[in-house]
Amino acid sequence: MAVPLFVSSFWLRIATEVLMWAGLAQSWNIIGGYTGYLSFGHGAFFGIGAYTTAILMVHAGWPFWPTLPVGAVLSVLCAATIGIPTLRLRGAYFAIATWAFGEAVRQVATVLEITGGAFGMQLPPFLNLPFFYEAILIATILTYLLAYLLLERSMFGYKLRAIRENEIAAETAGVDTVVTKIEAFALSAIPAAIFGGLYAYLITYIHPDSVLGPAITDLMVVMVLFGGVGTLWGPLVGATAIQLVNRLLWFLRGESTLYLVYAGVAICLVVLFMPDGLMGLVERRRVLFRPRENLKALLRQFKL
Amino acid sequence: MELFLQTLVDGLLIGGLIIVIGVGFSLCFGVMHIIDFAVGEWVMLGAYTAFWMVRYLGRDPFLYLPVIFFLYLAIGYLIYPLIHRAVSGRRHNPALMGLVFTFGLASLIKGGALTAWGFHVRSVTTWLSGESLALGVAVVPALRFAGFAFGVLATVAFMLFLKWSKIGVAIRAMAQDRVMAELLGVDTNRVSALVYAMYTGLTGMAGVLIGALFSIHAGMGLKYTTFAFFVVVLAGMGYVPGVIPAAFLLGLLQSFVTVYVSGRYTLLAVFFVLYLTLLVRPRGLLGRGW
Amino acid sequence: MREDCLSRLNWGRGLFLILLVVSLLSLTVSPTTGAAPARDFFKVGVVTSLSGELAFGGNVTKRGYDMWADTVNQLGGIEIAGKRYRVQLIYADDQSTPATAAVAGERLITQEQVDFILGPYASGTTLALAPITEKYKVPHITGSAESPLIWQRKFKYTFGTIPPVSINAQAPIQTLAQDVSPKPQTIAILGIDDPFSKFAAEAFRTAAQKFGIKVVRYEIVPEGSDYTPAVSAAKAQNPDIFAIGSHEKAAIEMIKAAKELKFNPKAFVQHYGMTTPDFRKGLGKDAEYVFGASVWTANLNYKATILFTTPKEYAEKFKAKFGTEPDYTEAASTAAGIAFQEALRQIKATPPLDQAEKDALVAALEKLNIMTFYGPVKFATSGDYYHSNAGLQPIALQYQGGKLVEVGPGKLALAKPRYPTPPWDRR
């Protein structure tokens with residue numbers, strides 16, 4: 001092993017956050033990027049993982065590690081329950097259903113006794129930051145390895161991309177699109193749940209608004225979009241860029257709600273001008289972002 | 001019995017308010033296949049506009065309804081080209097890019113409102129505020145009834161417009177077959193822009209009523225986005241007349257669950273019905289959607 | 001066909017990736033933070049919500065903390081053993097989320113090496129910050145968070161100047177049960193499903209049961225739903241008291257709905273939400289007769305010696321500085337600073353504080369029993385409300401003639417409660 005590199009715990013925490021978001025963004029990318037079906041309720045899986053860990057540790061007295069697979073299994077079951085009716089249909093139904101699912105899970109967590117309802121839950125504090133850093137680093141590496149092996153190096157990945165490019169053609173070519181889509185959705189739920197469990201234990205306090213709020217999903221979408229939809233490294237690039245910029249702005253006194261505006265403007269601009277994200281700039285080795293031509297093209301749209 | 005009737009009236013009145021939002025939203029989907037995540041934000045902007053107009057110009061917010069309609073009509077008309085660009089890009093799934101775009105738009109509007117107007121809760125008062133009519137044993141709040149009447153009237157007027165006007169015919173043609181409509185000489189781009197403009201105009205107007213009934217703050221939009229989605233799925237995506245029964249169902253569901261089960265389960269019941277609909281009747285209760 | 005980076009992976013890149021992973025894995029925390037460099041002023045960390053959903057409340061606490069620091073510095077600083085030490089506030093925004101509150105605490109303690117911390121506005125962020133201050137053994141007082149959940153956890157380094165809402169919200173019920181005639185017999189309670197509001201609703205219920213008022217309906221509804229059906233259901237029970245456990249927004253909407261439905265209970269009861277300017281502006285004259293609760297108002301008769309002598313003096317100076325009237329949260333935030341200041345004076349600690357002095361500071365805070373413009377500050381050292389301020393008496397308020405007036409309970413009244421509330425059409 002190499003000599004330990006020392007950093008202050010503040011920077012280690014920032015690194016931990018960046019890694020967690022990189023993993024979460026990849027989990028969204030599996031269904032949203034590779035398959036082309038937008039999950040607007042992906043934060044729900046994160047929350048399910050967080051709550052599973054919290055409930056098992058607090059109410060059942062479990063140790064930490066075994067709670068993670070339980071959360072993952074529960075998330076997969078939920079993904080299947082949502083996916084089966086809605087992935088039979090094409091287009092926007094899935095987006096609406098996942099969005100409604102995310103809100104529904106938040107309502108359930110607010111209503112149930114076992115989740116502490118609106119009071120949230122507190123986990124036994126275990127404030128060993130290097131432990132969490134390494135656990136999250138390993139989880140992130142595994143997520144990317146999984147994405148690489150399953151999506152870039154196997155038949156499964158080709159099927160997904162076929163669905164994204166042209167679903168009817170994929171079906172004609174013999175891909176069982178419904179089953180493949182459900183598999184992808186279930187797969188994408190696993191890392192989200194694991195990171196949820198890790199997050200709950202790291203922060204030690206969870207609340208429906210903090211782990212099930214729309215902000216979690218929003219960030220995942222923005223990060224993937226910014227880095228590059230449907231690419232292996234896009235989520236990593238997007239998550240690192242956005243989380244670091246977010247923390248730097250915060251560090252250098254970002255004391256307003258302008259961050260929502262920035263996020264909104266960033267999404268709109270990326271959709272309009274840079275639909276391949278940062279990875280699009282890197283991969284093609286030439287600048288796709290040509291402001292003058294883009295602006296001209298945009299102005300043309302206004303001549304109705 | 002008295003409570004039952006009151007609950008029924010409450011539910012119908014809630015439903016009436018949601019119709020207006022649902023109609024524009026549904027048409028928007030039917031014609032352009034755009035799911036606008038910012039629907040609640042247009043409600044919020046409409047409410048705020050009424051608040052500021054009353055603050056600076058005085059008088060009753062109802063007087064400003066037409067002004068707000070045309071204001072948001074214009075804003076929608078100006079924003080549409082951006083949406084058009086988002087959905088007509090060379091990406092694999094243009095409709096989904098449109099979805100992401102409106103998602104960004106929603107975040108932008110909400111963040112802008114928060115930054116500009118802060119976290120204060122505001123209210124507007126109309127000449128109907130606090131008044132009520134007696135309907136047998138049930139009490140009908142006058143403002144809610146106005147909202148209900150407005151919702152129904154606006155919807156009927158809109159339907160007539162779709163049925164009889166030349167543009168209405170073009171809109172309906174586009175909803176049925178976009179390519180064919182284009183071949184027959186419909187300027188689909190212009191019609192789409194008009195539909196989007198009418199949708200933002202109607203939604204902004206609904207915002208005035210909602211703002212007068214409840215309170216106005218930057219986060220108020222989310223709830224109406226939920227309702228719009230719910231209504232449109234229940235109605236069948238893009239099937240405009242289905243919006244009316246769907247909105248009433250949503251209103252009744254809310255009031256009956258609150259009174260007879262528990263207020264805590266209201267939203268949960270809404271999502272459960274939404275899920276069941278997607279599972280059993282994905283093309284809407286009437287089976288007429290896309 | 002798209003080509004990804006990894007498909008072009010060669011051995012050089014593979015080695016680079018492996019090295020990167022190994023070096024990432026070996027990142028770890030530097031073993032000691034070391035002693036803080038010498039300075040002659042106190043570095044005070046402030047974690048609160050300056051952005052996000054709670055920014056409004058966060059800025060309320062900020063005004064309270066600023067009021068304390070600026071007043072102290074105008075006097076030349078905190079006097080300790082004959083010498084004055086200025087205070088410097090270092091803000092870290094928690095973005096209204098627990099995760100950021102934890103990072104903010106970590107940053108203030110390890111990067112800025114602050115001596116002690118003034119805490120966030122909300123309970124959720126406080127619950128994420130408290131384990132961090134516990135880990136680094138840094139004293140922390142919150143001037144706003146009041147959820148009983150914080151105190152049940154018995155954090156050694158965390159204190160709070162506001163008594164928990166479950167105690168406060170009982171004041172108006174007690175007033176109605178003891179100070180008006182005829183005594184109300186029934187109550188319907190409607191609460192919002194968030195921790196603060198739910199504790200308030202539960203407190204209404206506990207108080208009603210304690211004082212022999214029958215609870216005819218108890219309902220918790222989610223934030224943001226249409227409250228009309230819930231108000232209709234309460235109306236159907238025809239209660240004497242209609243109690244609303246919520247922040248101001250839901251309270252405004254519920255009272256509007258009650259008016260529209262011609263629901264005429266003999267008393268409307270709220271708690272903290274009704275003291276905000278938004279409540280009064282939102283309801284206009286319909287705010288009249290509404291009962292509420294607070295732990296502090298500018299009219300109270302406290303006589304203090306530290307920084308401000310009376311609530312009135314505080315209110316005047318506050319208004320001159322910020323242009324708004326202070327409410328109980330701002331006062332409690334200022335009082336949090338005063339508590340630190342007094343404890344520091346008692347242990348004669350000078351900046352920068354070392355660990356022994358921080359522990360001594362906590363011990364001094366536990367023994368603290370002072371009179372401030374905010375009232376007595378004395379932290380509980382046992383029980384369910386461990387380290388929350390046990391010195392204060394909650395006060396029942398009512399809107400009378402457009403003003404908030406203290407109406408009880410008992411001897412705390414400065415005016416008689418107006419009861420029963422006249423029906424809507426005879427106001």
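Select B:Val195 to start. Leaving aside residues up to four places away in sequence, B:Val195 touches B:Leu27, B:Cys28, B:Val31, B:Met32 and B:Ile171. Here, contact means C-beta atoms, placed from the backbone, within 7 Å.

A note on what is on screen. This is a predicted model, where local features need pLDDT of at least 70, side-chain atom pairs count only at pLDDT 80 or more, and totals for chains, interfaces and linings use all residues. Residues count from 1 along each chain as its sequence is written, and chains are lettered from A and ligands numbered from 1 in the order in which they are written.

B:Val195 and B:Val231 have the most contacts inside the largest nonpolar core, which has 350 residues. Such a core is a set of buried Ala, Val, Leu, Ile, Met, Phe, Trp, Tyr and Cys residues joined through C-beta atoms within 7 Å. Buried means that 20 or more other C-beta atoms lie within 10 Å of a residue's own. Color H8(B): with 16 residues, H8(B) gives the most to this core.

Now show the whole of chain B. Chain B has eleven helices and two strands (DSSP runs: H or I, at least four residues, for helices; E, at least two, for strands; numbered from the N terminus). Of its 290 residues, 59% count as buried. The C-alpha trace of chain B spans about 55 × 50 × 35 Å along its principal axes.

Last, bring in chain A. Here 41 residues of chain B are in contact with 40 residues of chain A. Select H4(B): with 16 residues, H4(B) gives the most to the side of chain B that touches chain A.

Definitions and conventions: Two residues are in contact if their C-beta atoms, placed from the backbone, lie within 7 Å. A residue is buried if 20 or more other C-beta atoms lie within 10 Å of its own, exposed if 12 or fewer, and partly exposed in between; C-beta atoms are placed from the backbone.
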